[in-house]
Amino acid sequence: MEKKVEYIKENDRIVLMCNYGFRDMTLNLLKCFEKLSIDKSRYILYCMDDKAYQFFTEYKGIECQRFSRDDIMNSSRSTSSSSSSSSSSSSSSSSSSSSSSSSSSSSSSSSSSSTQLFDTNDNKGIYSENAESYGDIGFRAICNEKPLVVLDVLKKGYNVLWTDTDIVWQRDPFIHFYNDINQENQFNNDDDIDLYVQQDDDDICAGFYFIRSNERTIKFIQDSINFLNPCIDDQIAMRLFLKSQGINIKSNNILLSLSENDKKDKIRYRLLDKKLFPNGTNYFNLKITQRENITPFIIHNNCIIGHRSKKDRFIEYGLWYINDDDELDISINSNNNNNNNNNNNNNNNNNNNNNNNNNNNENKEIKLFKNVLKNHTDIITSINSSDDGKLFTTSIDKSIKIWKFENNSSSSSSSDNGIFKVLKSKYIHKRGGIWSTFIFSKNINNNNNNNNNNNNNNNNNNNNNNNNNNNDDYYGFENLLTSSHDKTIQYWDNNLQVIQTFIGHTGIINQLIVIPNSSYFFTCSDDNTIRQFDFNNINFKRVFIGHNGWVSSIAINKNFNILYSCSNDGTIRFWDINSGRCLNIIKVNQSSGWIRKIIYNDNLNQLISGENDGTIKIWSCDNLNNFNDNQYLLKINTNENSSINDLQFDSETNLIYCAFENGSLKSFKLIINNDNNNNNNNTINYSLDKIYQGHLNSSINCIHISKSLNLLFSGGFDKQIKSWDL
């Protein structure tokens, strides 16, 4: 008989804390609770100052508690002594074991920690009623009050779900704790896991976790509190002690293999799925949740500094649920109306034509990778190459690396016996990861480079660096253009010194492209806009406005001065480059709505789109006025139940290379049947060309075709770059 899983326990409590400056964030979170029908009896709100307490109790009618360090100290001492006597009478063996472990380490004793906790740690909070920012003394002081509250509630016998207030809830996470994880891992007891904790970029996140009340967890929180000081916050302390006191229960097998001592002493913790419980980087920057069209349980608006920035980002993504004018008093800036962007996904019927090649996957041999490059410390975001064979890679780790291929055998010029070595590495865009690059190669002879150099005659470095072509320090490029999550574009000389910074976007910049033989370049952003910049005129800006969601990719038809863009609003738009006017809108038929990538095929005047449902579509651009929603020339079913992250097209071979969220990599051959009498009647078909080994258990974020190296490159979430022969 299947064990009935209860939705929530009587002793489960949601605990949150705020000061007056974060009252709006707290109201936004409470609005989520209301939408999810979470009863007020399930949560405890602590107010850190009198103004916050007055605001919530008198003006909002919300029951809350005024945080007082003295009250918690007294409560902790009384609760500790009563629980200590009851636990000693309930289990003599437990008492004996606790006594023996306490002799080996004074900090291991629960009773001594509880009396020692507040007497020896003089970590008095230094914070105001204002919204504090990450890294400030006031911020750390507030962080260091959080575990005091958690400890107090744990000692009263309650399980604690701690949630920071810069979080929105989309689903009730208790369903995941009690149902999903237990069923997935065949845990037989709801208490098998002591701690469920959110993952941050590099370790656990102390902003969201569910911790059960028992001796192990109380000792863990006590030890973390004892370690706090004005320079060490709760997250640092919890990470430290979890390494020594915890065991990551990844499966039921690990749980069953625990020794008796580990069962008694070790915190059994479980890391929450990054897609279901994303932090700020994973949701807003990398969009790993949206890539799979998942509704997460919570969204943590961290990894961004400042209250204003957090609020703006919530508004931008349609996650701000309160009306400031109605729900906040006049001391808050109330000029920000709700600008929730209702991203209307078009649930159109999918056409199923051109599916005659779907069974080719079974007959293709998997092509093994040739090289693996490991030097970055985070997700690979872009790959590029210069005409002389230098490789350029960037990462969320905020670095750019320039690689040089070196042959191991002097008797052969073949790349079969060589390796890639890092020629130069530099941290740039220190406020955000680099997401897109463009290389101005030394060997390219076009007006674009001439315009750029003429614009920067005041930079003496350029002339000096041009003499290094034959030296090892020559990096194979004239100039470099980069865009970043910090919302800026930077233009660099060939020593990676900044020549010019371009600003204007208010959201993450997803892609940049440069028009050949001109001084213009274009960028697209999460702020729903495309911008045009001029190397020769820093004051020139043209903004293309019309999308209702992030603009994820852009492409240029230089022959007709047309710019193409795609977005998670489910549309492709055509723009007149000279005027900025939108010429046409195509609502692509797909339920998920997000068009991830577009590229333009110069040879056949066609647009290629990669979509969130894993399909590729080919569109004819011959007649702009007849470019309608369902009139694509070809739909390629990739047979991958995964979203497309990147596309590249090789016009010499008519091959489309496609990278997927699930780590797969494939190429498809376009087959053109020419009608000599009428170019518009050419028919097009496709066949699967190759299946590549891809990135195991990791998404592929970007791919690049390098003609100078005759290699295909891929960059993944696994921090690796792989290459294959073209």
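Is K310 buried or exposed? I looked up K310 and found that, at 10% relative accessibility, K310 counts as buried. I take buried as under 20% relative accessible area, exposed as over 50%, and partly exposed as in between, with a 1.4 Å probe and protein chains only.

**Entry 1. Basis of the work.** I am reading a predicted model, in which local features need pLDDT of at least 70 and side-chain atom pairs count only at pLDDT 80 or more, while totals for chains, interfaces and linings use all residues. Residues are numbered from 1 along each chain as its sequence is written, and side-chain values use heavy atoms, with hydrogens and water left out.

**Entry 2. Surroundings of K310.** I placed K310 in helix 15. Helices here are DSSP runs of H or I with at least four residues, strands are runs of E with at least two, and both are numbered from the N terminus. Leaving out residues up to four places away in sequence, I noted that K310 touches F22, M25, D166, N301, N302 and I304; contact means heavy atoms within 4.5 Å.

**Entry 3. Aromatic pairs.** I describe a pair of aromatic rings by the distance of the centres and the angle of the planes. Rings of Phe, Tyr and Trp (for Trp, the six-membered ring) pair if their centres lie within 6.5 Å; planes under 30 degrees apart are stacked, over 60 edge-to-face, and the rest tilted. The count by this rule comes to 43 aromatic pairs. I looked up Y283 and Y317, which form a tilted pair with 6.3 Å from centre to centre and 55° between the planes. Y283 belongs to helix 13 (residues 280–285) and Y317 to the loop between helix 15 (307–316) and helix 16 (324–327), so the pair ties together parts that are 34 residues apart in sequence. I found Y283 buried, with a relative accessible area of 11%, and Y317 is buried with a relative accessible area of 11%.

I then turned to F420 and F713, an edge-to-face pair with 5.9 Å between centres and 75° between the planes. This pair links distant parts of the chain, with F420 in strand 16 (residues 418–427) and F713 in strand 38 (residues 711–716), 293 residues apart. F420 counts as buried at 10% relative accessibility, and F713 is buried with a relative accessible area of 0%. I also recorded one aromatic cluster, whose members include F33, Y43, W169 and F297.

**Entry 4. Charges over rings.** A charge sits over a ring if NZ of Lys or CZ of Arg is within 6 Å of the ring centre and within 35 degrees of the ring normal. I found the charged end of K35 over the ring of Y321, 3.6 Å from its centre. I also found the charged end of K287 over the ring of W550, 4.8 Å from its centre.

**Entry 5. Salt bridges.** How many salt bridges are there? By the rule of a side-chain nitrogen of Lys or Arg within 4 Å of a carboxyl oxygen of Asp or Glu, I have a count of 30 salt bridges. D191 forms a salt bridge with R212, with the closest N and O atoms 3.6 Å apart. D191 lies in the loop between helix 8 (173–185) and strand 6 (195–199), and R212 in the loop between strand 7 (204–211) and helix 9 (215–226), 21 residues apart. I noted that D191 is partly exposed, with a relative accessible area of 43%, whereas R212 counts as buried at 3% relative accessibility.

I next looked up K558 and D602, whose side chains meet in a salt bridge at 3.5 Å, N to O. K558 is partly exposed, with a relative accessible area of 41%, and D602 counts as partly exposed at 38% relative accessibility. The side chains of K597 and D646 also meet in a salt bridge, at 3.4 Å, N to O. K597 lies in strand 29 and D646 in strand 33 (residues 644–650), so this pair ties together parts that are 49 residues apart in sequence. I found that K597 is buried, and so is D646. Salt bridges that share partners join K146, D164 and D234 into one network.

**Entry 6. Helix 9.** I found helix 9 mostly covered, with ten of its twelve residues buried. Among the buried residues are R216, F220 and I225.
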